[in-house]
Amino acid sequence: MKRVIAIDGPAGSGKGTLARKLASHFGFMYLDTGKLYRAVAYLNKSINETLNLAAREIFDVITNIPDSDLRTAEIGQRASEIAKNTEIRSKMTKIQRDFAELQNGHGFVLDGRDIGTVVFPDAMCKLFITADLKIRAERRLQDLRKNGEKITYDEVLNQLANRDYQDTHREIAPLRCDETYTLIDTTSKTEEESFQECVTEISKKML
Ligand code: CDP
């Protein structure tokens with residue numbers, strides 16, 4: 001079993017913030033795998049060109065392009081479209097496994113949609129973070145507005161509903177929670193309450 005904590009869930013569930021805090025709490029490395037898909041969407045190349053990209057070119061985008069340019073609603077939509085492609089998913093899975101391998105046995109937190117189902121099915125701990133769609137839309141609206149985007153609540157709600165549908169219904173690696181996950185619903189919890197619940201679950205698995 002790998003020293004990997006797999007965190008999956010839909011957009012706006014709070015999984016990114018939790019994953020980052022958990023990695024720092026346990027002294028693990030962290031990879032936001034959604035950012036890899038967003039980087040590919042940002043590069044906006046053809047499928048063939050994307051398949052020929054070196055991992056370094058994708059990590060260069062993550063390192064050099066400001067978060068505010070990668071975390072726009074438009075890039076999120078495009079990433080979700082790209083993420084349906086089987087060959088691109090295989091490439092991304094390989095990049096994530098190679099990255100983990102390079103950590104030399106160091107603990108590792110990854111968040112995304114298929115970490116516990118496809119990328120690291122033998123992860124030490126799998127958390128599925130979710131929340132009601134309306135709450136997620138409210139949270140995402142705040143994030144996007146902070147980012148300077150002019151967008152309405154209804155637009156965000158529709159985009160998230162659309163992305164949820166695409167991510168859960170695609171043929172390859174759909175977002176799904178099975179019995180190997182611990183489900184954490186953040187709808188009516190503070191960030192700190194959700195964080196403590198995750199810490200408790202992970203600590204049980206580390207015994
Ligand atoms: O932050 P947010 O949850 O909005 O999205 P993200 O994690 O940045 O991911 C953007 C899109 O990439 C998602 O809607 C998925 O379609 C795709 N993705 C994926 O398919 N598999 C992953 N491991 C991560 C992201």
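1. Helices (H or I, at least four residues) and strands (E, at least two) are DSSP runs, numbered from the N terminus. A polar contact is a pair of N or O atoms within 3.5 Å; within protein, one must be able to donate a hydrogen and the other to accept it, and residues adjacent in sequence count only if both atoms are side-chain atoms. With these terms in hand, one can read the N-terminal end of helix 2, which is capped by Asp32: a side-chain oxygen of Asp32 lies 3.1 Å from the backbone nitrogen of Gly34.

2. A word on the basis of this note. The model is predicted, with local features needing pLDDT of at least 70 and side-chain atom pairs counting only at pLDDT 80 or more, while totals for chains, interfaces and linings use all residues. Residues are numbered from 1 along each chain as its sequence is written, and side-chain values use heavy atoms, with hydrogens and water left out.

3. Helix 2 deserves a careful look. Taking buried to mean under 20% relative accessible area, exposed over 50%, and partly exposed in between (1.4 Å probe, protein chains only), helix 2 is mostly covered, since 8 of its 11 residues are buried. These buried residues are Thr33, Lys35, Leu36, Tyr37, Arg38, Ala39, Val40 and Ala41.

4. For Asp114, an N or O atom in the side chain is 3.0 Å from a nitrogen atom of the ligand. Taken alone the ligand exposes 530 Å², of which the protein buries 98% (accessible areas come from the Shrake-Rupley method with a 1.4 Å probe; for residues, only the protein chains shown count as cover).

5. Most residues other than glycine have a negative phi. Asn44, however, has a positive phi of about 55 degrees although it is not a glycine, and Asn44 is found in the loop between helix 2 and helix 3 (47-51). Asn44 counts as exposed because its relative accessibility is 51%. Ala173, which is not a glycine either, has a positive phi of about 45 degrees and is found in the loop between helix 10 and strand 5 (182-185); at 11% relative accessibility, Ala173 counts as buried.

6. The expected span of a helix is 1.5 Å times one less than its number of residues, so the 16 residues of helix 7 (residues 86-101) should span 22 Å, and the end C-alpha atoms are 23 Å apart, which agrees. At the start of helix 7, a side-chain oxygen of Asn85 reaches to within 3.0 Å of the backbone nitrogen of Glu87. Among the buried residues of helix 7 are Ile88, Met92, Ile95 and Phe99.
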